[in-house]
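Please look over the sequence and the structure before reading on.

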Amino acid sequence: MTSEDLNVSRETFAKLDAFVKLVQKWTAKINLISRQSEAELWERHILDSAQLFALAPPFETWVDLGSGGGFPGIVVSILAQEKSRDQRFVLVESDLRKGTFLRTAIRELGLNAKVISGRIEEIEPLNADVLSARALAELDVLLEFAERHLKSGGTALFPKGSLWETEHQKARMRWSYECDPIRSKTNPDAAILKIKDISRV
Ligand SMILES: C[S@@+](CC[C@H](N)C(=O)[O-])C[C@H]1O[C@@H](n2cnc3c(N)ncnc32)[C@H](O)[C@@H]1O
């Protein structure tokens, strides 16, 4: 992977590369991601997370739920540094060891982000302009999380696998929302669901 593939500056690419090295170092101890080569890590996690950034409307606060090893939360925080210093990121992660990893990454990479170590359904509402969650829960549940943490008028970005249409049908039984499915750059069967105007049916 190169800075041209991702359409980012060399400085941003160097930060992404430093993050990849950090993930690899910590994965040996706390299993942030399944064991894989560095090339796979770029494609399956960095590129997959980075594609969300271009889909976000203008925002001040981006909240990433269940950030785990920092996907997409840390990746989008790195990309944001290239554009603006004013965008704030909040990463919610209940696992304390992963929280320690995320705080280390934020400190070492100098990101404008913070970590909340708590459960999504228990912490105070976060009033996000943009809300993301990757590999966390079914759409039906994610919409419940969005109801709590997304500001009125905000946008949710949920990357989903090949079964996204089934999840969408199921969620429609409980929720009304505007949904724009965008084909994933890393898997043609997968989609990023760009969701707005969520309310209960
Ligand atoms: C399958 S991992 C996905 C991590 C990351 N988003 C990714 O795509 O690689 C889900 C993460 O969400 C966290 N998590 C699950 N339920 C949660 C909850 N209710 N509140 C906060 N974090 C939660 C887990 O600890 C785990 O790190």
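The text below describes the sheet, the helices and the ligand surroundings in turn.

The model is predicted: local features need pLDDT of at least 70, side-chain atom pairs count only at pLDDT 80 or more, and totals for chains, interfaces and linings use all residues. Residue numbers start from 1 along each chain as its sequence is written.

Helices (H or I, at least four residues) and strands (E, at least two) are DSSP runs, numbered from the N terminus. Seven strands form an open sheet with mixed pairing, in the order 3-2-1-4-5-7-6; two strands pair if DSSP finds at least two bridges between them. Strand 3 (113–116) and strand 6 (175–183) are the edge strands, each pairing on one side only. On average, neighbouring strands of this sheet are turned by 20° against each other, direction ignored. Strand 1 (residues 61–65) runs parallel to strand 4 (residues 128–133), and four bridges join them. Within this pairing, Val63 has Leu131 of strand 4 as its bridge partner.

Helix 3 (residues 38–53) lies across strand 4, strand 5 (150–160) and strand 7 (191–200), and runs at about 150° to strand 5. Helix 4 (residues 73–83) lies across strand 1, strand 2 (88–92) and strand 3, at about 170° to strand 2. Axes are lines fitted to C-alpha atoms, for helices over the stretch in contact, and angles run from 0 to 180 degrees between N-to-C directions.

Helix 2 (residues 10–30) crosses helix 5 (residues 96–109) and also helix 4.

| Helix pair | Axes come within | Crossing angle |
|---|---|---|
| Helix 2 and helix 5 | 11 Å | roughly 155° |
| Helix 2 and helix 4 | 9 Å | roughly 160° |

Helix 2 and helix 5 are therefore roughly antiparallel to each other, a term for angles over 145 degrees. Residues of helix 2, including Phe19, Leu22 and Trp26, meet residues of helix 5, among them Phe101 and Ala105. By class, this contact has eight nonpolar, no polar and four charged residues. Ala, Val, Leu, Ile, Met, Phe, Trp, Tyr, Cys and Pro count as nonpolar, Asp, Glu, Lys and Arg as charged, and the others, Gly among them, as polar.

Helix 2 and helix 4 are likewise roughly antiparallel. Thr12, Lys15, Leu16 and Phe19 of helix 2 make the contact with Ile74, Ile78, Leu79, Gln81 and Glu82 of helix 4.

Finally, 16 residues surround the ligand, the closest being Gly66, Gly68, Phe71, Ser94 and Arg134; a residue is near a molecule if its C-beta atom, placed from the backbone, lies within 6 Å of it. This shell has five nonpolar, five polar and six charged residues.

Methods. Two residues are in contact if their C-beta atoms, placed from the backbone, lie within 7 Å. Angles under 35 degrees count as roughly parallel, over 145 as roughly antiparallel, 65 to 115 as roughly perpendicular and the rest as oblique.
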